[in-house]
Amino acid sequence: MREKLFTAEKLHEECGVFGIWDESNKQVAQEIYYGLLSLQHRGQEAAGIAVCDMSSPKQEFMLHKDMGLVTEVFDKEILAKLQGNVGIGHVRYSTTGDSSLENAQPLACYYLKGTLALVHNGNIVNSQEIKQQLEEEGLTFRATTDSEVILSLIAKMRAKTGSVEEAVERAASYLVGGYALVIMSPRKLVVARDPLGLKPLCLGKTKTGWVVASESCAFSAINADFIRDVRPGEIITISQEGIRSNTNMCQEQQAHCIFEYIYFARLDSKLDGISIHKARYKGGQALALAYPVEADAVAGVPESGITAAAGYAFQSGIPYIQVFQKNGYIGRTFIKPTQAERVSAVHMKLNVLEDAVKGKRLVLIDDSIVRGTTMANLITMLRKAGALEVHVRVCAPPFMHPCYYGTDVPSEEELIAPKMSVAEICEQIGADSLGFMRLEDLSKMTDKLPLCRACFDGKYPTKV
């Protein structure tokens, strides 16, 4: 089993999902591959693709998945063997279940009425209760994820209903938590999003088919057009009969994950009508208004801190400069099991541009502080390079509580904010001043979109 990915300072989304239905294209695996590449930032532990040829008499699923990045798991030969015109794909970072091949997705099952495959982003709060009930009914489980529980529940409901989409609706009525689901049967794609909208999911159109993905940036990779976001609670069925929408589970209450806009989503994506680039820029502006300071330059920690730094610079009138050179060949996350290796990893990933910082008072913008170790190392590097002052501004409030919906916020024992005041954190990381995003300013980033911010204020939108 591989080590857990390095999570000393950055948080991770559970995964990214992708699905395509295109009756005229038997090479949809290639499209899924490019879509997953665009979603690689959402998960780097495992990747997988499952396809089915609707015209084949057998209508068998072909599936390939493995541990590693998309480019490590697939090559031309593997993709050429995955012949089909309907398919789903997945990139994974584990928040529930071990980091192992058994938990990699897509997951597939054979049951009384045929076969199903599923990809899932999110976390089901009551999955253990559902699993126990299914086990008492005689079902067995190979993996340790809530995704397998969802698939088993859908398969059970399918035996009692007339269609896959009816089974998905029945199963979804039992689920509590955040989820974006893409389910494949031999002839259909069924898409479902949790009623709160905790997890993102959007719908696109190719010239001859339909496509769904966690983020709109994946559509550009295959030259598909963004149509709209899947509504919270909506179930969409794509088949030879066309596209159908079921809004029976839609509700007024919504709670979109704020961290999609702060960090998770790619900068060129648009989620629930909100531009990620614009949201982060506005976040930087809000920080400048809340925490002004006299300084010579504003800088951002690559990558997600850069756009917020530009917003801070514009609002404050302080020039923006680049102070870090990022090593592009080291991924967004990487395996570093010991603290000593974590410290050296910061130096491998980022180098300071000494001539840019020497003799300057800096405002340094980052998306979050989880444990404080990475920020402390960055400040040490900047001071060693000659920075006179380092004032830190953070585009998220202090993390005070764990997340139960698919983001790996550590336990409160591992978080720095529940243990220390802002002043104490400032001293711990070695900054001259420190300002966290105010809770009331989060809505400025997202045009008052209803948000889940439970990791900051402890107000969970469901029972946990």
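Mentor: Helices (H or I, at least four residues) and strands (E, at least two) are DSSP runs, numbered from the N terminus. This is a predicted model: local features need pLDDT of at least 70, side-chain atom pairs count only at pLDDT 80 or more, and totals for chains, interfaces and linings use all residues. Residues are numbered from 1 along each chain as its sequence is written, and side-chain values use heavy atoms, with hydrogens and water left out.

Trainee: Let me start with one residue. Is Thr237 buried or exposed?

Mentor: You can find Thr237 in strand E12. Buried means under 20% relative accessible area, exposed over 50%, and partly exposed in between (1.4 Å probe, protein chains only). With a relative accessibility of 3%, Thr237 counts as buried.

Trainee: Which residues does Thr237 touch, not counting those up to four places away in sequence?

Mentor: Contact means heavy atoms within 4.5 Å. Once residues up to four places away in sequence are set aside, Thr237 touches Glu165, Lys188, Leu189, Val190, Gly242, Ile243 and Arg244.

Trainee: How many bridges join strand E12 to E13?

Mentor: Two strands pair if DSSP finds at least two bridges between them. You can look at Ile236, whose bridge partner in E13 is Ser245. E12 (residues 235–239) and E13 run antiparallel, and the number of bridges joining them is 5.

Trainee: Which are the edge strands of the open sheet?

Mentor: The sheet has 6 strands in the order E5-E6-E7-E8-E12-E13, with antiparallel pairing. An edge strand here pairs on one side only, and that describes strand E5 (107–111) and strand E13 (242–246).

Trainee: What does the twist average from one strand to the next?

Mentor: Axes are lines fitted to C-alpha atoms, for helices over the stretch in contact, and angles run from 0 to 180 degrees between N-to-C directions. From one strand to the next, the twist averages 20°.

Trainee: Now the helices on this sheet. At about what angle does H5 run to E6?

Mentor: H5 lies across E5, E6 and strand E7 (177–184). Another helix, H6 (residues 164–172), lies across E6, E7, strand E8 (189–193), E12 and E13. For H5 against E6, the angle is about 135°.

Trainee: How many residues apart are Glu165 and Lys188?

Mentor: Both Glu165 and Lys188 are buried. A salt bridge is a side-chain nitrogen of Lys or Arg within 4 Å of a carboxyl oxygen of Asp or Glu, and the side chains of this pair meet in one at 3.0 Å, N to O. Glu165 is in helix H6 and Lys188 in the loop between E7 and E8, so to speak distant parts of the chain, and their separation is 23 residues.

Trainee: How far apart are the closest N and O atoms of Lys282 and Asp447?

Mentor: Lys282 is partly exposed, with a relative accessible area of 23%. Lys282 forms a salt bridge with Asp447, and the closest N and O atoms are apart by 2.7 Å.

Trainee: Let's move to H4. Why do the buried residues of H4 line one face of the helix?

Mentor: In H4 (residues 127–136), Ser127, Ile130, Lys131 and Leu134 are buried. An α-helix has 3.6 residues a turn, so residues three or four places apart point the same way. On the other side of H4, Gln128, Glu129 and Glu136 are exposed. Seen down the axis of H4 (taking directions from the axis to the C-beta atoms), the buried residues line one face because they fall within an arc of 100°.

Trainee: What do the buried residues of H4 pack against?

Mentor: Remember that these include Ile130 and Leu134. Their packing partners are strand E6 (114–124) and helix H5 (146–158).
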